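Good morning, colleagues. Please take a moment to look at the sequence and the structure, and then I shall guide you through several local features.

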Amino acid sequence: MNLADYNTLQKILKSEGFNTKKSLGQNFLVNPDVCPKMAKSACDKQTGALEIGPGAGVLTRELADAAKRVVAIELDNRLKPVLARTLADKDNAEVIFGDAMKIDLIGLIKEKFADCSRVAVCANLPYYITSPIIMMLLESRLPIDNVTVMVQKEAAERLCATVGSREAGAVTVAVNYFAKAEILFDVDRYSFMPPPNVDSAVIKLTLRDKPEIELLSENFFFSFVKAAFAQRRKTLVNTVSSSLNISKELLREALAAANLSETARGESLTMTQLASIANYIAERK
Ligand code: SAM
């Protein structure tokens, strides 16, 4: 069964009376080159693959071939009969129906992947919740090796930007704290049925054993970074002082201690510089 073939997919969906829903980000892949590449870069035969949003099962089938086992979480119950049919010949694939944002993923990984050497998350993510899903996966400190996912091209560029460059945002810093991020390849909009309004890219986040920076308080660091990137035209002193209620004097002191000008902006700072300012303030505020 070649689910990446437009006619095959159409035929199956039609015979099960299934229509895609835009509100659930249901753009199904119909480019045969994409899923094998994603599955191979995320997994090997010892890997437990966790997929979010299997849709009709096109990536699930490739993951079943590349990994030891695949567990896919799908929100839309209407896909039950479709997936029962498309995964019937894949004994090592299981679908759980529910919301990936609400399921206990640590428990699920322990239960389903105990005999796997590593776990990878691999998915063509629903675009309406790309960043929340990625941040949830990283912040919950799941015992995973990598997150290999398709996202909107613009989001890919932001997530994988160099911290300290114009393209970076608060989410870039957060991702960089937990993982090494890279864009693997681009995927154009016509690789999907129906085609979305934007092009996409597959990114790979390889989780770090340990962050590159040391923080006094992770919570404070992340609120500081959010504030520092919130208003790009303003200096860090102005934007952070007003949103976090920290004195401008303390902020200027922290910048001076890191050998930075008091007109510095969040987007121009490296991970080490951001950590040094946040730690200086966390120690004194
Ligand atoms: N993997 C399929 C493919 O590549 O053709 C489908 C990808 S489609 C972009 C996203 C899928 O995520 C849809 O099947 C949608 O129903 C599902 N989805 C949306 N929100 C979800 C959530 N919160 N939890 C789990 N699945 C979700």
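I begin with a pair of helices: α6 and α8 are roughly parallel to each other, a term for angles under 35 degrees. This is a predicted model, in which local features need pLDDT of at least 70 and side-chain atom pairs count only at pLDDT 80 or more, while totals for chains, interfaces and linings use all residues. Residues are numbered from 1 along each chain as its sequence is written, and side-chain values use heavy atoms, with hydrogens and water left out.

Helix α6 covers residues 130–139 and helix α8 residues 170–178; they pack at about 30°, with axes 10 Å apart. Axes here are lines fitted to C-alpha atoms, for helices over the stretch in contact, and angles run from 0 to 180 degrees between N-to-C directions. Helices are DSSP runs of H or I with at least four residues, strands are runs of E with at least two, and both are numbered from the N terminus. The crossing of α6 past α8 is left-handed, meaning that the near helix is turned anticlockwise from the far one by less than a right angle; clockwise would be right-handed.

Which residues of α6 and α8 make the contact? From α6 come S131, I134, M135, L138 and E139, and from α8 come V171, A174, V175 and F178; contact means heavy atoms within 4.5 Å. Seven of these residues are nonpolar, one is polar and one is charged. Nonpolar covers Ala, Val, Leu, Ile, Met, Phe, Trp, Tyr, Cys and Pro; charged covers Asp, Glu, Lys and Arg; the others, Gly among them, are polar.

Helix α11 (residues 248–257) packs against helix α12 (residues 271–284) at about 135°, with the axes 9 Å apart. That angle makes α11 oblique to α12, the class left after roughly parallel, roughly antiparallel (over 145 degrees) and roughly perpendicular (65 to 115). The crossing of α11 past α12 is right-handed. In α11, L250, L251, E253, A254, L255 and A257 meet I277, Y280, I281 and R284 of α12. Eight of the contact residues are nonpolar, none is polar and two are charged.

Next, the strands. β3 (residues 69–74) and β4 (residues 93–97) pair in the parallel sense over five bridges; pairing requires at least two DSSP bridges. Within this pair, A72 stands opposite V95 of β4.

Finally, a cis peptide bond joins M193 and P194, with omega about -10°. P194 is found in the loop between β8 (192–193) and β9 (200–207).
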